[in-house]
Amino acid sequence: MSEPTVAEQIAQHHQDVITERIGVRRLAIEAGQVEDHDQAPAADAAPAAPTLRELALEEAALDLLAGRVADAKKDVRKRMQAALDAAASRDGVERVVATLPNGEPVATISLRPGATGPVVTDEEALARWLRRTYPEQDWTTSRIVREVRPWKLAELIAQMDAAKATQIVDPDTGEVHDVPGVLIKPTRARTHSLLWKKTGKAETGRAAMGEAWRTGALTRYMHALTAPEEEQTQ
């Protein structure tokens, strides 16, 4: 047998080195000293799409959370309104700043006053009075009962709202009429509004609140969302 050429010796040497390295790496992987990157997914590989069951669980969880959030918001607005009304009556306070535990302001809650004005409580009585008082005017219509034409009713309500009384003044005679079927009563309840803090066009208050929630700084305020189901139904 002839001696191998130099080229054949070099090729054999390379093959021996590669074989040796493969064997050493396999032993290291089996010993847990290195990771098997050939088996592991690439670091930049796209995450697997959620399964149908995972999507179903996510939707169910968010549906439960949305219901609890809606109930909790309704409850806290009711308590906030009562507290604002009491503070306004006692101290004249009509505004309060929402501040995170770290002292950062995120929003302002302001009291909105209610409104009082004329409200028609008996349109039939009002229509009969208009018919008797102004018979030459076509301000009412007749079906089973007599009604005031909508445009005239709006005009009368505006006059009484301006006067803050259930009275109108005859523009021709100057006579003041007491209008039946109408009362001055609340037309809009007192409420309040929440305005998030802004820096320029960015709503920094929302961002800060979101970060505080994410890091757990608001845990004590989230009991309504995490309480056991039996507490939710009490």
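**Strands, exposure and a pocket**

Q: What makes β1 and β2 count as paired strands?
A: β1 and β2 pair in the antiparallel sense over five bridges, and two strands are said to pair if DSSP finds at least two bridges between them, so the five bridges meet the requirement. Strands here are DSSP runs of E with at least two residues, while helices are runs of H or I with at least four residues, both numbered from the N terminus. One of the bridges joins A98 to its partner A107 in β2, and the two strands form a hairpin with five residues between them, where G103 in the turn has a positive phi of about 95°.

Q: What kind of model is this, and how are its residues numbered?
A: This is a predicted model, in which local features need pLDDT of at least 70 and side-chain atom pairs count only at pLDDT 80 or more, whereas totals for chains, interfaces and linings use all residues. Residues are numbered from 1 along each chain as its sequence is written, and side-chain values use heavy atoms, with hydrogens and water left out.

Q: How do you know that β2 also pairs with β9?
A: β2 and β9 are joined by six bridges in the antiparallel sense, and within this pairing L111 stands opposite H192 in β9.

Q: Why is T108 called partly exposed?
A: Buried means under 20% relative accessible area, exposed means over 50%, and partly exposed lies in between, using a 1.4 Å probe and protein chains only; T108 has a relative accessible area of 23%, so T108 is partly exposed. T108 is found in strand β2, and, leaving aside neighbours within four places in sequence, T108 is in contact (heavy atoms within 4.5 Å) with R95, V96, V97, S193, L194 and L195.

Q: What makes K164 exposed, and what is its phi?
A: K164 has 54% relative accessibility, so K164 counts as exposed. K164 lies in the loop between α4 (150–163) and β6 (167–169), and its phi is near 55°, a positive value in a residue other than glycine. Most residues other than glycine have a negative phi.

Q: What makes a space in the model a pocket, and how much space lies in the largest pocket?
A: On a 1 Å grid over the protein atoms alone, a pocket is an open set of points where a 1.4 Å probe fits, with protein on both sides within 12 Å along at least five of seven lines, and lining residues have an atom within 4 Å of a point. Grid points are joined across faces, edges and corners, and the volume is the space filled by probe spheres set on the points; for the largest pocket this comes to about 1,500 Å³. Its lining has 34 residues, of which V76, L194, M209, Y221 and M222 lie nearest the centre, and α2 gives the most, with ten residues.
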